[in-house]
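Here are some friendly notes to read alongside the model.

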Amino acid sequence: MADNPLLPQNRLRELHALIDRIRQMDRRKHTNAREALLGATLIHLSKGDLVSGRAEDATLRAFAPESSAGDEAHQLPANLRLPLCAGAARGMQTAGTYRLAVAFAEAATPEPLWVDALRWAHRDRLPMLLIVADDGAARSHRGAAGAATPLTWPELTKLSRSLQLPHFPVDGEDAVAVFRVMQETSARARSGGGPSVLWAMLSSERPTGRQQPLRRLEAYMAGRGIEV
């Protein structure tokens, strides 16, 4: 079978190995399966890209590429995290680099000023991506976000329609689907096309059997005749 230039065999093997390593580190800390989302996202990043997640997310810190901000990218003040990511993207744009700022967030979790950060990034076509994991859980956080707009799918679609901001719902446990969306959006952002939002749906509980992200990827690879 002819190789797919958009997702070649060697790249699939790299993706499989990365997801397996993330799974080993992550599975005891999270009830849902994030390994496909993290692996298929991080594989498109390289040294110099900035990745921002919550300070307690040791898995993301371990596998994110090195940046000049180091661990400080994961320790930004919660009320300024996304605006500061947009500011970093502005610096990358001004410097004329091919770098990218990527922020990971959770749906229904307070992310103050996310609307303002996306408005700014979209207006100035900044090289920034927002990756939102949504496991359908309803969360309550008193006082953290105040009257801020909640980071939910309805609020995002409302903003996206008003701005014509690209936003992509994707099965966050399907490594190939995430890979392809990330491939397109990261290339677009790096080349001056502006930001995008990836909204990744996850199961509320860790999948078992053939529904596990790694097993799903292996089934896809087997269908293409690719040995792991």
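**Notes on the predicted model**

1. Let us begin with a residue on a loop. Arginine 125 is partly exposed, as its relative accessible area is 44%; buried would mean under 20%, exposed over 50%, and partly exposed anything in between (1.4 Å probe, protein chains only). Arginine 125 sits in the loop between H5 and S3, and its phi is near 50°, a positive value in a residue other than glycine. Here helices (H or I, at least four residues) and strands (E, at least two) are DSSP runs, numbered from the N terminus.

2. A word on how to read the values. This is a predicted model, in which local features need pLDDT of at least 70 and side-chain atom pairs count only at pLDDT 80 or more, while totals for chains, interfaces and linings use all residues. Residues are numbered from 1 along each chain as its sequence is written, and side-chain values use heavy atoms, with hydrogens and water left out.

3. Leucine 113 also has a positive phi, near 70°, and is a residue other than glycine. Most residues other than glycine have a negative phi. You will find leucine 113 in the loop between S2 and helix H5 (114-123), where it is partly exposed at 37% relative accessibility.

4. Which side chain does arginine 81 contact? Its partner is the side chain of serine 52, in a polar contact of 3.0 Å. A polar contact is a pair of N or O atoms within 3.5 Å; within protein, one must be able to donate a hydrogen and the other to accept it, and residues adjacent in sequence count only if both atoms are side-chain atoms. Arginine 81 belongs to helix H4 (residues 81-95) and is buried, with a relative accessible area of 4%.

5. The whole structure holds 14 salt bridges, each a side-chain nitrogen of Lys or Arg within 4 Å of a carboxyl oxygen of Asp or Glu. One of them joins lysine 158 to glutamate 155 (3.6 Å, N to O). These two are 3 residues apart in helix H6 (residues 153-163), so about one helical turn separates them. Lysine 158 is exposed at 52%, whereas glutamate 155 is partly exposed at 22%.

6. Arginine 216 and aspartate 174 form another salt bridge, with their closest N and O atoms 3.9 Å apart. This pair links distant parts of the chain, 42 residues apart: arginine 216 is in helix H8 (residues 213-223), and aspartate 174 is in the loop between strand S4 (167-171) and helix H7 (175-190). Arginine 216 is partly exposed at 25%, and aspartate 174 is partly exposed at 25%.

7. Finally, the largest pocket has about 370 Å³ of space. On a 1 Å grid over the protein atoms alone, a pocket is an open set of points where a 1.4 Å probe fits, with protein on both sides within 12 Å along at least five of seven lines; lining residues have an atom within 4 Å of a point. Grid points are joined across faces, edges and corners, and the volume is the space filled by probe spheres set on them. The lining has 21 residues, with His30, Arg34, Asp57, Glu106 and Ala133 nearest the centre. S3 gives the largest share, 4 residues.
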